[in-house]
Amino acid sequence: MIKVELFISPSLSIEKLSEPLSQIGVISLSSIDMKIFGSETKSQTSYRGVQRSGKHSNRTKLEIILPSLNQTILFKMLKEILGPEESLVTPVFITPIKPVDSLQHVAMA
Amino acid sequence: MHKLEIHTTEEGLARLNLINRSHLVKTGYYRVDSKILSGKYGSSLPDIKIEAFISQLSVDLISLLEADDLIYQYNLTECTQTYLFESLISDAEQEKVPPAMPEISPKGHSSIETAPIDIQIKALPSGKLKLTLQSNNTTFFLCKVVGVLAQNDVLLEKAQTFPQSDHIVGIFVIPHINMEQLSYIKDQLSQELAATQMGNCGYKKFSRAAISPEELQISLDTSGSMASLKIRCNHNDIHSRFAILEAISLYDQEITISRLGGLGKKIEDTYYVKPVKDIFITNDIVNQITKHITGNK
């Protein structure tokens, strides 16, 4: 089992993702709006004709939990949804996780 | 690659100055409404949660997280990074992702033949010494270091250990000692950390510190991704901590992440434990550890 985390544009609807991802064995899909900061992520806004550089950019972080064997098909699907340009610059973070049987966990404790 | 999750405030975020730190791959934050029902932080705090993906952990960042009062909690998890355009991963490459356990897996007793270590010593403005140790031999790392210090009658004041890549890093604050003694301790640490077994320095004699059952409280928390032991002990002499750590190691539980603190005669430590031989820690084992430390059969 793995947890895949990636940051996508907030304009992308999670509903657009949930249907196809549910068909490839994704166990859980969650999203959270985050402010991303760093030297490469400053946002440009225009206020009354004046360009301003923001300290943050807004992104949506997706957390996807799925069996590790389905990683390749997930990546292929995300690449199709996000498009080639976005795929080039989107880092993906993968964390191996270990599911715990809650009943067994309680019994052990 | 590590994922660092920090629970702090706006002020804490500004103090961390993450924006100017190297090795940050991705960093972001969001607001959380937290209600902590007990503890020193009160309730209903307008906090933020930071999530940072870092290619290389630095000792000074971890020290900062430990020292800052506005860092309510932080958590480190090992992960890997890739890009979607590299998505056509072959099956063989996929198998490179470890099947389970987010942090470094405990090493077996005889799995490591050599263990190069790095020891750095820095004098603090307070006159105390800060020892920073790195070793690729995680086996009973904390227990061995504390044992060597106890063997040399050095009282450990504060410490923390954490995994970094395939190494374990430990930061230990001790009172000032002379150069001759320091050199001797360095040699002993090098020898002890290179060993795959416990107890080459003859510190077994400390295994029964005079800790009474009333002075010791060990609580087990299994709610997180790793089980943790919270130790409260009202008896802090040179050998107390080693007695506690040795008892935990005897039950084949290894510590990679730890925070050691306390004031005066009190020990307040947190150890994140992992089984060496697939025997996960339970309250029964905790009771046996407590009895072993206090000699209360």
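Is B:Asp252 exposed, partly exposed or buried, going by the other C-beta atoms within 10 Å? I took this up first, keeping in mind that the model is predicted.

**Entry: B:Asp252.** I counted 18 other C-beta atoms within 10 Å of B:Asp252. Buried needs 20 or more and exposed needs 12 or fewer, so B:Asp252 is partly exposed. I placed B:Asp252 in the loop between α6 and β12 (253-261) of chain B. Then I checked its backbone. Phi of B:Asp252 is positive, about 55 degrees, although the residue is not a glycine. Most residues other than glycine have a negative phi.

**Entry: B:Asp153.** I looked up another aspartate. B:Asp153 also has a positive phi, near 60 degrees, and is a residue other than glycine. I found B:Asp153 in the loop between α4 and β8 (158-164) of chain B. B:Asp153 counts as exposed because it has 10 C-beta neighbours inside 10 Å.

**Entry: α4 and α6 of chain B.** Helix α4 of chain B covers residues 141-151, and helix α6 of chain B covers residues 240-250. I read a packing angle of about 150 degrees, with the axes 9 Å apart. The crossing of α4(B) past α6(B) is left-handed.

I listed the contact residues next. From α4(B) come B:Leu142, B:Cys143, B:Val146, B:Gly147 and B:Ala150. They meet B:Arg241, B:Phe242, B:Leu245, B:Glu246 and B:Ser249 of α6(B). I sorted the residues of this contact by type: six are nonpolar, two polar and two charged.

Technical notes: Residues numbered from 1 in each chain as written. Chains lettered and ligands numbered in written order. Predicted model: local features only at pLDDT ≥ 70, side-chain atom pairs only at ≥ 80, totals over all residues. Axes fitted to C-alpha atoms, helices over the stretch in contact; angles between N-to-C directions. Helix = DSSP H or I, 4+ residues; strand = E, 2+ residues; numbered from the N terminus. Left-handed = near helix turned anticlockwise from the far one by under 90°. Contact = placed C-beta atoms within 7 Å. Nonpolar A, V, L, I, M, F, W, Y, C, P; charged D, E, K, R; others polar.
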